[in-house]
Amino acid sequence: MSRIVYVPGDAVAVACGADQVAAALRGHADRLGLDVTIVRNGSRGMHWLEPLVEITTRDGRIGYGPVDVADVDGLVAAGFFDGAPHPLGIGKPGEQPFLAAQQRLTFARCGIVDPASLADYIAHGGGVGLRQARALDADARIATVKASGLRGRGGAGFPTGIKWETVANAVAPRKYVVCNADEGDSGTFADRMIMEGDPFLLIEGMAICGLCIGASHGYLYIRSEYPHAIAAMATAIGAARAAGWLGADFDIEIRVGAGSYVCGEETALLESIEGRRGQVRAKPPLPAHKGLFGMPTAINNVLSLVAIPHIFADGPDVYAGVGHGRSRGTMPIQLAGNIRHGGLYETPFGITLGALVNDIGGGTASGRPVRAVQIGGPLGAYFPPHLFDTPIDYEAFAAVGGLIGHGGITVFDDSVDMARMARFAFEFCAIESCGKCTPCRIGAVRGVETIDKLIAGDQPEAQLALITDLAETMKFGSLCALGGFTPYPVMSALTHFPEDFRPDAARQVAG
Amino acid sequence: MTTGNPSLSLAEVIAPFAGMAGALLPVLHAVQQAFGHIDDAAVVVIAEKLNLSRADVHGVLTFYHDFRRRPAGRTVLKICRAEACQAMGSDALIAHAEARLATPMHSQRADGAISLEPVYCLGLCSAAPSAMLDGQVFARLSPDRLDALLAGAMS
Ligand SMILES: Cc1cc2nc3c(=O)[nH]c(=O)nc-3n(C[C@H](O)[C@H](O)[C@H](O)COP(=O)(O)O)c2cc1C
Ligand code: SF4
Ligand code: FES
């Protein structure tokens with residue numbers, strides 16, 4: 001009997017030893033003379049179980065995890081190749097409560113298919129969206145995107161249909177699709193996971209975007225910190241070209257970032273592709289009018305683009321049919337930091353922050369009480385547990401001074417020192433500032449110094465007033481959200497955790 | 001640090017990018033990949049080949065954290081300092097690495113054996129703390145596990 005063994009090639013699994021596990025399993029299979037194919041799939045998103053190894057049996061796929069290379073001999077001796085029971089066995093991965101409770105529209109195939117195989121993609125329903133999009137006329141395509149209610153998943157939540165309509169209506173000799181895979185926010189990894197686990201989905205999403213706006217060239221800008229995603233996308237693009245999916249009407253070129261957070265900002269990213277410093281451009285003109293190389297450009301986050309094939313395949317109503325208020329569809333939430341069950345959880349908007357952190361995430365990994373969560377990356381606010389009933393919804397978060405951003409939730413236990421986190425927010429802004437505006441470039445450096453003085457007990461009242469002032473100046477005097485939103489983590493830490501900013505807070509909390 | 005084929009000349013490394021729109025970042029990556037760093041002499045050649053001013057190339061080179069103007073240590077350890085890793089003790093991991101390697105963050109040890117650098121998120125935030133050692137990623141790190149990895153990489 002020919003067996004298929006799945007050992008994720010996803011960076012989290014690899015970082016936890018998956019390559020060694022795959023090699024050891026290969027060795028055992030060869031020694032036993034078994035007909036075994038090892039597929040390096042993506043991750044299913046249950047990261048506490050990585051490396052999560054699966055084997056096909058008559059009953060379907062059976063999983064084991066987390067498998068360390070030291071576990072492999074015992075696992076094989078117990079009958080792994082026949083799907084036999086073992087203490088690391090988890091049964092059918094799809095029946096794990098963490099997965100079973102999700103509504104996976106975007107991540108439906110991630111962790112299931114072979115990311116290097118276009119045939120596997122098609123066998124699992126891939127390509128239908130592009131076919132449907134081709135069958136529609138130009139107006140109907142834009143109408144489909146608009147009807148889905150999809151809002152940009154890169155942070156700003158701008159309606160994707162309106163952006164594409166603007167580009168489609170622009171008159172120019174050339175137009176571009178640009179995919180923003182810079183994913184610099186701490187606590188986020190959904191772009192990485194889908195590029196590594198279902199790369200053809202992004203190719204299809206970008207191709208549909210090209211069709212909608214009338215572009216034949218797409219750029220995919222991936223951060224250099226993601227070598228596995230870069231490799232997976234390069235393999236998939238090669239396979240798509242070989243099969244004629246890419247190359248004729250539409251093609252994609254990968255560009256690799258160079259360790260700059262601000263290059264995730266759309267205009268800085270365009271500068272970077274053009275070969276310049278990643279400095280933010282003043283708007284207008286919008287990229288939709290004058291973007292890459294001066295041409296109308298649709299620039300979108302990975303998660304926005306990978307939502308598109310499903311919307312065309314199943315119709316926009318299914319997507320728009322779930323969600324909360326003006327936040328339609330599903331959000332791939334990323335659970336990170338000090339959390340027991342970290343990973344990817346795709347769910348319709350409307351679920352509460354507390355349900356995600358405590359029920360689904362299982363609280364902290366350390367077993368200590370949750371004290372704070374940061375949502376929306378380094379520019380997002382810190383939330384205390386008393387705000388955990390806030391639903392995941394763009395407007396609901398804005399109402400309590402927060403943002404959903406790219407959907408990353410970073411959990412901290414009670415050992416966190418919030419004054420240090422506020423200091424870090426300023427420090428990160430200072431390190432990554434593109435240098436264009438004074439409030440950001442200088443304000444962030446002053447912020448670090450001021451928090452240091454505050455912690456040292458040097459005229460604390462005056463320092464507090466200065467921090468509040470600085471935050472106001474940065475908020476209103478910055479060109480982009482790096483300077484403009486750094487006040488969110490700083491001020492939310494100050495508002496919700498004032499006790500950590502007292503000089504007598506005696507840095508002992510840090511232990 | 002692993003580098004590409006050292007027998008290639010700078011001109012040969014740059015040649016494939018002729019005619020590419022916005023080629024500077026891909027060229028800088030390729031040059032650094034081949035030679036480990038991008039020195040002033042390389043800047044002159046790159047500027048000439050891409051028809052840019054030296055100031056342009058220099059400005060880009062110094063803007064991006066990834067590019068090096070001097071060789072790195074033989075081993076490069078980048079430890080993640082971003083929030084999710086901090087929530088899982090990356091500050092302590094960094095302090096441990098600095099002490100163990102006798103090398104402060106952002107620097108290279110005098111014997112050239114290792115460079116210790118920060119990185120801001122590797123997308124492994126659900127398995128923190130994480131690090132990149134000579135381009136390989138590692139997660140769920142403890143001081144002991146880091147020591148074992150370093151022993152392997154630096155032996
Ligand atoms: C400092 C900064 C960093 C950003 N980083 C990213 C990023 O890594 N990925 C991303 O998609 N959007 C990022 N954005 C948002 C982009 O500017 C832009 O809104 C987004 O790419 C638009 O795509 P969407 O409409 O699909 O969300 C960032 C914005 C700022 C101000
Ligand atoms: S706010 Fe900061 S990063 Fe944004 S444009 Fe101004 S200086 Fe650049
Ligand atoms: S914060 Fe360290 S890997 Fe994301």
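## Chain B as a whole

Of the contacts in chain B with a separation of 6 or more, 57% are between residues 24 or more positions apart, where contact means heavy atoms within 4.5 Å. The structure is a predicted model, in which local features need pLDDT of at least 70 and side-chain atom pairs count only at pLDDT 80 or more, whereas totals for chains, interfaces and linings use all residues. Residues are numbered from 1 along each chain as its sequence is written, chains are lettered from A and ligands numbered from 1 in the order in which they are written, and side-chain values use heavy atoms, with hydrogens and water left out.

Chain B has seven helices and five strands, and from the N terminus on these elements follow the order α-α-α-α-β-α-α-β-β-β-β-α. Helices (H or I, at least four residues) and strands (E, at least two) are DSSP runs, numbered from the N terminus. Along the principal axes, the C-alpha atoms of chain B fill a box of roughly 50 × 30 × 25 Å. Of the 155 residues in chain B, 54% are buried; buried stands for under 20% relative accessible area, exposed for over 50%, and partly exposed for values in between (1.4 Å probe, protein chains only).

## Backbone features in loops

The loop between helix H6 (90-101) and strand E2 (107-108) of chain B holds Ala102(B), which has a positive phi of about 55 degrees although it is not a glycine. Ala102(B) is exposed, with 61% relative accessibility. His106(B) is also found in the loop between H6 and E2 of chain B; its phi is positive too, near 70 degrees, in a residue other than glycine, and His106(B) is exposed at a relative accessible area of 62%.

In chain A, a cis peptide bond with omega of about -5 degrees joins Glu50(A) and Pro51(A), and Pro51(A) lies in the loop between strand E2 (36-39) and strand E3 (53-57) of that chain. The peptide bond from Pro284(A) to Pro285(A) is cis as well, with omega near 0 degrees, and Pro285(A) is placed in the loop between helix H12 (266-273) and strand E9 (297-301) of chain A.

Two packed helices are described by the angle between their axes and the distance between the axes. Here the axes are lines fitted to C-alpha atoms, for helices over the stretch in contact, and angles run from 0 to 180 degrees between N-to-C directions.

Helix H17 (residues 418-432) and helix H18 (residues 438-456) of chain A pack at an angle of about 155 degrees, with their axes 8 Å apart. H17(A) and H18(A) are therefore roughly antiparallel, given that angles under 35 degrees count as roughly parallel, over 145 as roughly antiparallel, 65 to 115 as roughly perpendicular and the rest as oblique. Among the residues in this contact are Phe426(A) of H17(A) and Ile451(A) of H18(A). By class, the contact of H17(A) with H18(A) has eleven nonpolar, one polar and three charged residues; Ala, Val, Leu, Ile, Met, Phe, Trp, Tyr, Cys and Pro count as nonpolar, Asp, Glu, Lys and Arg as charged, and the others, Gly among them, as polar.

The axes of H9(A) and helix H13 (residues 302-314) of chain A come within 9 Å and cross at roughly 45 degrees, and the two helices are therefore oblique to each other. In this contact, Ala190(A), Asp191(A) and Ile194(A) of H9(A) meet Val302(A), Leu303(A) and Val306(A) of H13(A), giving five nonpolar, no polar and one charged residues.

## Salt bridges

Side chains of opposite charge can pair when their charged atoms come close.

| Residue | Partner | Closest N and O atoms |
|---|---|---|
| Arg61(A) | Glu54(A) | 2.9 Å |
| Asp198(A) | Arg109(A) | 3.0 Å |
| Arg241(A) | Asp251(A) | 2.9 Å |

Both Arg61(A) and Glu54(A) are buried. Asp198(A) is buried, with a relative accessible area of 1%, and Arg109(A) is buried at 13%, whereas Arg241(A) is partly exposed, with a relative accessible area of 40%.

Key: A salt bridge is a side-chain nitrogen of Lys or Arg within 4 Å of a carboxyl oxygen of Asp or Glu.
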